[in-house]
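User: Hi! Could you walk me through this one with me? I'll ask as we go.

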Amino acid sequence: MGSAPFESVAVVGAGTMGNGIAQVFAQHGVDVLLLDLDALALERGTAAVERSLARMVKKERMTASEADAARARISTAGELAALGDQDLVIEAVVERAEIKRAVFEELDARAKAGAILATNTSSISITEIGAATARAERVIGMHFMNPVPIMELVEIIRGQETSDETTALVTACSEAIGKTPVEANDYPGFVSNRVLMPMINEAIFCLFEGVAEREGIDTGMKLGMAHPMGPLALADLIGLDVCLDILEVLHRGLGDDKYRPCPLLRRMVAAGRLGRKAGKGFYDYD
Ligand SMILES: NC(=O)c1ccc[n+]([C@@H]2O[C@H](COP(=O)([O-])OP(=O)(O)OC[C@H]3O[C@@H](n4cnc5c(N)ncnc54)[C@H](O)[C@@H]3O)[C@@H](O)[C@H]2O)c1
């Protein structure tokens, strides 16, 4: 398997999304440098890739030697100074505009001239992130879905200055790693989260106002609307802090109170009930 047009990529952030993105590229024959400032996050990210590949071997979706080869293509580093001659860098750090801007400023200084800088942001303006660099025409949104090895969609978001060439390369690359790209323009939440997050927020309001119990809300949406999982379970999977951050972006960016985050969501995040990654959210996980 080859993954034209890129032979090697870097992924910045080894959390829920970053390690999944690294795995998918490695599975498709691409060398990946996975970067995270937090050594523990790198360790956890690498362990998550190991577990995911082992599951795929067990389900006979790949052979043990293919899994070994994929694993061997991922190397790790603790600082952006380790960036080499990768043609594509995908950023998957926390959903905070000021942090992303700082990361992109540094990526612009350290990534090879001509490399494309993509962001996996769920909702932050690609135009704003691009403006932190001197190569806004090569900055683009590459929004993978969770869990990355399973979900087919990549939402490709063009910022104000993103070039046709960058868009074409990233579209071809998404197809080469087995994903289906769809294009969206740069407005808060793009398409997927602009539609999804108000639904999740409304489900949390239903719980907050005592309209129904959590199981009733989730079962209603699963069996009544044919959703594969209920909105509260999905919020736990995404991460409640991530949901809150995205809702804040929608609320601020679109200026409409229909996007105001539910007070219960704020309280859960303040309590550290962040969902599956914390072992507890709307549900408890072992
Ligand atoms: N969780 C989801 O379901 C989901 C889905 C689609 C997109 N996203 C987006 O993907 C991005 C990452 O989300 P996540 O859920 O993987 O977050 P996460 O909290 O699991 O991981 C973020 C990682 O970034 C690292 N990090 C923070 N600052 C850094 C820096 N300056 N340099 C290098 N690493 C740094 C952290 O140590 C952490 O390991 C966010 O923009 C989020 O909106 C998330």
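**Notes from the chat**

Analyst: Happy to. Let's start with Phe190, which is buried because 22 other C-beta atoms lie within 10 Å. Bear in mind that this is a predicted model.

User: Is Ala226 buried or exposed?

Analyst: Exposed: Ala226 has 7 C-beta neighbours inside 10 Å, and the cut-off for exposed is 12 or fewer. Ala226 lies in the loop between H8 and helix H9 (231-238).

User: And Val211, buried or exposed?

Analyst: Val211 counts as exposed, because it has 12 C-beta neighbours inside 10 Å and exposed means 12 or fewer. You'll find Val211 in the loop between helix H7 (192-208) and helix H8 (214-225).

User: New topic: strands. How many residues of E6 are buried?

Analyst: In strand E6 (residues 139-144), 6 of the 6 residues are buried, so the strand is largely enclosed by the rest of the structure. Val139, Gly141 and His143 point one way, while Ile140, Met142 and Phe144 point the other way.

User: Which strands pair with it, then?

Analyst: Strand E5 (residues 116-119) pairs with E6 in the parallel sense over 3 bridges. Within that pairing, Ala118 stands opposite Ile140, and Val139 is the bridge partner of Leu117. E6 is also joined by 5 bridges to strand E7 (residues 153-158), and those two run antiparallel. There, Met142 stands opposite Ile156.

User: What about the faces of E5, covered or open?

Analyst: Both faces of E5 are covered. Ile116 and Ala118 are on one side, Leu117 and Thr119 are on the other, and all are buried. E5 also pairs with strand E4 (residues 88-91), in the parallel sense over 4 bridges. The bridge partner of Glu91 is Thr119 in E5.

User: How does the chain get from E4 to E5?

Analyst: Through H4, and this β-α-β crossover is right-handed.

User: Nice. Where is the ligand relative to the domains?

Analyst: Domain 1 (8-185) and domain 2 (193-278) both give residues to the shell around the ligand, so the ligand lies between them.

User: Which residues come nearest to it?

Analyst: Of the 27 residues around the ligand, Gly13, Gly15, Met17, Ala41 and Asn146 come nearest. The shell divides into 14 nonpolar, 10 polar and 3 charged residues.

User: Which helices are involved?

Analyst: Helix H1 (16-27) and helix H4 (97-110) each supply at least two residues of the shell. H1 gives the most, with 3 residues.

User: You mentioned Asn146. What is the peptide bond from Asn146 to Pro147, cis or trans?

Analyst: That bond is cis, with omega near 0°. Most peptide bonds are trans. Pro147 is in the loop between E6 and E7.

User: Last one: which residues touch the most other members of the largest nonpolar core?

Analyst: Val9, Val11, Ile21, Val32, Val89 and Cys243 do, in a core of 81 residues. Helix H10 (residues 240-254) gives the most to this core, with 8 residues. Both domain 1 (8-185) and domain 2 (193-278) give residues to this core, so it lies between them.

Conventions
Residues numbered from 1 in each chain as written. Predicted model: local features only at pLDDT ≥ 70, side-chain atom pairs only at ≥ 80, totals over all residues. Buried ≥ 20, exposed ≤ 12 C-beta atoms within 10 Å, placed from the backbone. Pairing = 2+ DSSP bridges. Near = placed C-beta within 6 Å. Nonpolar A, V, L, I, M, F, W, Y, C, P; charged D, E, K, R; others polar. Domains from an automatic or database assignment. Right-handed = clockwise from strand over helix to strand, strands pointing away. Core = buried A, V, L, I, M, F, W, Y, C linked by C-beta atoms within 7 Å.
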